[in-house]
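Please read the following note beside the sequence and the model. Its points move from the whole chain to particular residues.

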Amino acid sequence: MTLVLAALVIWIVASWVNVKLSRSKAHNTLLVRFLVPFIFGVTILVAWELLVRGLDIPGVILPPPSTIATRFAASTDILWLDFLQTFAKGALSGYIIGCGAAFLTAILIDRVPFLQLGLLPVGNFVAALPIVGIAPILVMWFGFDWQSKAAVVVVMVFFPMLVNCVQGLADTDHMQRDLMKTYAASYTDTLLKLRLPAAMPFIFNGLKISTTSALIGAIVAEFFGSPIVGMGFRISTEVGKLGLDMVWAEITVAAIAGSLFYGVVAAIEKGVTFWHPSQRD
């Protein structure tokens with residue numbers, strides 16, 4: 001029980017420190033904004049370690065972070081190959097294709113309004129399909145390599161990106177559009193100089209939502225068939241062998257990759273939409 005009590009004390013102390021930091025006058029500084037989530041994350045890992053060992057929880061149910069870190073360090077070559085297969089090939093390629101196709105479709109819908117009545121309901125129908133239902137079909141269509149995973153990702157990211165793009169392109173009022181008409185601006189000029197800049201916050205919102213969906217879709221698709229490499233393949237096989245430390249190592253890689261991917265898109269958004277109120281300090 002000593003380790004359990006230690007975990008409780010550490011949690012209480014760390015929570016008190018975080019509350020004090022978040023309420024201090026320097027709460028909006030870069031240092032405090034980094035320290036609060038850092039302390040919270042470290043506290044979770046320490047409490048996890050102490051509780052698992054203090055309560056003597058079997059490793060096949062929940063391994064401690066130290067065991068996961070040891071397995072991670074010993075399997076970096078495997079984890080790297082799995083990352084390249086799942087993220088770099090499947091998730092990233094499907095993300096680019098799906099988001100690009102959604103963007104072009106949104107412009108087509110904006111140009112030909114009656115398509116909004118036909119394409120959006122179809123997109124909504126496809127988005128409502130369960131991933132565990134369409135993944136086996138796409139694996140059979142496109143094979144067991146990364147191409148089928150990219151196809152699953154395309155299906156997952158297309159509709160969220162399409163809805164955000166369509167909404168963004170409509171986010172200009174009549175006065176702004178009428179002003180462009182008085183300048184004799186063509187549709188292309190209006191699109192490039194007015195509507196696309198105004199739509200950028202919506203477009204990046206769709207891009208950020210799609211970052212996590214892309215990685216999840218690629219991993220889940222690998223459960224239904226893949227070569228002997230990939231995060232989803234590794235997780236499914238290691239669960240069968242009760243290698244939960246390797247499963248958590250793969251989850252760690254997925255979490256880091258997804259967070260960095262989201263962060264890169266958010267950083268690009270900050271540079272492109274610096275004029276928007278949401279980006280101002």
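1. Order of elements. From the N terminus on, the elements of the protein chain follow the order α-α-α-α-α-α-α-α-α-α-α. The protein chain has 11 helices and 0 strands; here helices (H or I, at least four residues) and strands (E, at least two) are DSSP runs, numbered from the N terminus.

2. Basis of the note. The model is predicted, and local features need pLDDT of at least 70, side-chain atom pairs count only at pLDDT 80 or more, while totals for chains, interfaces and linings use all residues. Residues are numbered from 1 along each chain as its sequence is written, and side-chain values use heavy atoms, with hydrogens and water left out.

3. Overall dimensions and surface. Taken along the principal axes, the C-alpha atoms of the protein chain fill a box of roughly 75 × 60 × 30 Å. The accessible surface of the protein chain is about 15,900 Å², and 73% of this surface belongs to carbon and sulfur atoms; such areas come from the Shrake-Rupley method with a 1.4 Å probe, and for residues only the protein chains shown count as cover.

4. Of the 281 residues in the protein chain, 39% are buried (buried means under 20% relative accessible area, exposed over 50%, partly exposed in between, with a 1.4 Å probe and protein chains only). Among contacts in the protein chain with a separation of 6 or more, 71% join residues 24 or more positions apart; a contact means heavy atoms within 4.5 Å.

5. The largest pocket. How much space lies in the largest pocket? The value is about 330 Å³. A pocket is an open set of points on a 1 Å grid over the protein atoms alone, where a 1.4 Å probe fits, with protein on both sides within 12 Å along at least five of seven lines; lining residues have an atom within 4 Å of a point. Grid points are joined across faces, edges and corners, and a volume is the space filled by probe spheres set on the points.

6. Lining of the largest pocket. The lining residues include Leu45, Trp48, Phe72, Trp248 and Ile256. Two or more lining residues come from each of helix 2 (30–54), helix 3 (65–74) and helix 11 (244–272), and helix 11 gives the largest share, 5 residues. The lining has 10 nonpolar residues, 1 polar and no charged; Ala, Val, Leu, Ile, Met, Phe, Trp, Tyr, Cys and Pro count as nonpolar, Asp, Glu, Lys and Arg as charged, and the others, Gly among them, as polar.

7. The second largest pocket. The volume of the second largest pocket is about 200 Å³. Helix 4 (76–111) supplies the largest share of its lining, 4 residues. This lining divides into 7 nonpolar, 1 polar and 3 charged residues; Asp110, Arg111 and Arg195 are among the lining residues.

8. Aromatic pairs. There are 7 aromatic pairs, where rings of Phe, Tyr and Trp (its six-membered ring) pair if their centres lie within 6.5 Å, and planes under 30 degrees apart count as stacked, over 60 as edge-to-face and the rest as tilted. The ring centres of Trp48 and Trp248 are 5.2 Å apart and their planes lie at 65 degrees, so this pair is edge-to-face. The pair links distant parts of the chain, with Trp48 in helix 2 and Trp248 in helix 11, 200 residues apart. Trp248 is partly exposed, at 26% relative accessibility.

9. A buried glutamate. Glu238 lies in helix 10 (residues 231–240). Is Glu238 buried or exposed? Its relative accessibility is 8%, so Glu238 counts as buried. Leaving out residues up to four places away in sequence, Glu238 touches Arg71, Gly243, Met246 and Val247.
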